[in-house]
Amino acid sequence: MTNITIIGSGNMARGIGTRAVIAGSGLQILDRDPAKAASLAAELGAQVTSGTLTSPLAGDIVVLALPFDAAKEIVTTLGAALSAKTVIDITNPVDFSTFDSLVVAPGTSAAEELAALAAPGVTIVKAFNTTFAGALVAGTAAGLPLDVFIASDSDEANATVSAFVTAAGQRPIVVGPLRRARELEGFQFLVMTLQANPAFEDFNWNTSLKVLV
C-alpha cells in the first residue's frame with residue numbers, strides 16, 4: 001500500500017491518519033512542533049513515525065492537513081522536496097474573520113493557488129476537504145461510508161488517491177480536473193456555515209456529503 005506523510009497534527013491529521021492506519025499504509029506524521037507530531041503518532045499506533053518539517057518525506061502521498069495560509073508556506077518552503085509526490089490539499093479557504101466568504105478570488109481555488117506555487121513535478125490533488133474530522137475517525141456517517149471527492153489534472157494521481165481512499169474504507173469519487181476544486185471548496189463553505197448556524201442544532205461538525213444512487 002502507498003506510504004502516507006501527513007503534515008500537521010490537528011483534528012484532520014488525526015482523521016486522515018486513522019484512515020491511513022486502517023488502509024494498512026505506512027504513515028509518517030510531521031509537524032513544526034515535534035512533540036505534537038510524536039503525540040499523534042503514538043496515538044495512531046506504534047508503527048507510525050514522526051518528525052519535523054525538515055525530516056525526509058517518507059510518503060508517496062503527502063497530505064497537507066493545514067490551514068490554507070500554512071499550506072501555501074509549506075508548498076513554497078519544501079519546494080523540490082515535493083517533486084514526484086502526490087500532494088493532497090484538504091483546505092477550505094474560508095475567511096474566518098467574517099465566516100461569510102472565501103479568501104480566494106472568483107475563478108480560482110486554494111488548490112489551484114497551491115499548484116501555482118509548487119515546484120515542477122509536484123502534483124496537487126484536491127481531496128478530503130468535504131469530510132469533517134470526526135466523521136473520518138468514525139469512518140461512517142448515518143451508517144454509510146464517506147464519499148471523498150477528488151480533483152486533479154493527473155489521472156495517475158487520481159488513481160493513487162482513489163486507491164488509498166478505497167483501502168481506507170471510503171468511496172472515492174473523481175469529479176474532474178483540478179479546477180473542480182472551485183466547486184468543492186464553495187460547496188463545503190456552504191456546509192460549514194450550516195454547521196456553525198445555531199438554527200441547525202443537530203449539525204455538530206460530524207455531517208457528511210453523500211451522493212446516493
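The chat below covers the overall fold and a pocket.

Tutor: This is a predicted model, where local features need pLDDT of at least 70, side-chain atom pairs count only at pLDDT 80 or more, and totals for chains, interfaces and linings use all residues. Residues are numbered from 1 along each chain as its sequence is written, and side-chain values use heavy atoms, without hydrogens or water.

Student: How many helices and strands does the chain have?

Tutor: Seven helices and 10 strands. These are DSSP runs numbered from the N terminus: H or I of at least four residues for helices, E of at least two for strands. The radius of gyration is 16 Å, close to the 17 Å from the globule rule for 213 residues, so the chain is as compact as a globular protein of that length. That radius is taken over C-alpha atoms, and the rule is 2.2 Å times the number of residues to the power 0.38.

Student: What share of the residues is buried?

Tutor: 49% of the 213. Buried means under 20% relative accessible area, with a 1.4 Å probe and protein chains only.

Student: New topic. Which helix gives the most to the lining of the largest pocket?

Tutor: α1, with three residues. Helices α1 (11-23), α3 (68-78) and α7 (181-196) each supply at least two.

Student: And what kinds of residues line the largest pocket?

Tutor: 16 nonpolar, eight polar and one charged. Here Ala, Val, Leu, Ile, Met, Phe, Trp, Tyr, Cys and Pro count as nonpolar, Asp, Glu, Lys and Arg as charged, and the others, Gly among them, as polar.

How values were computed: Buried means under 20% relative accessible area, exposed over 50%, partly exposed in between (1.4 Å probe, protein chains only).
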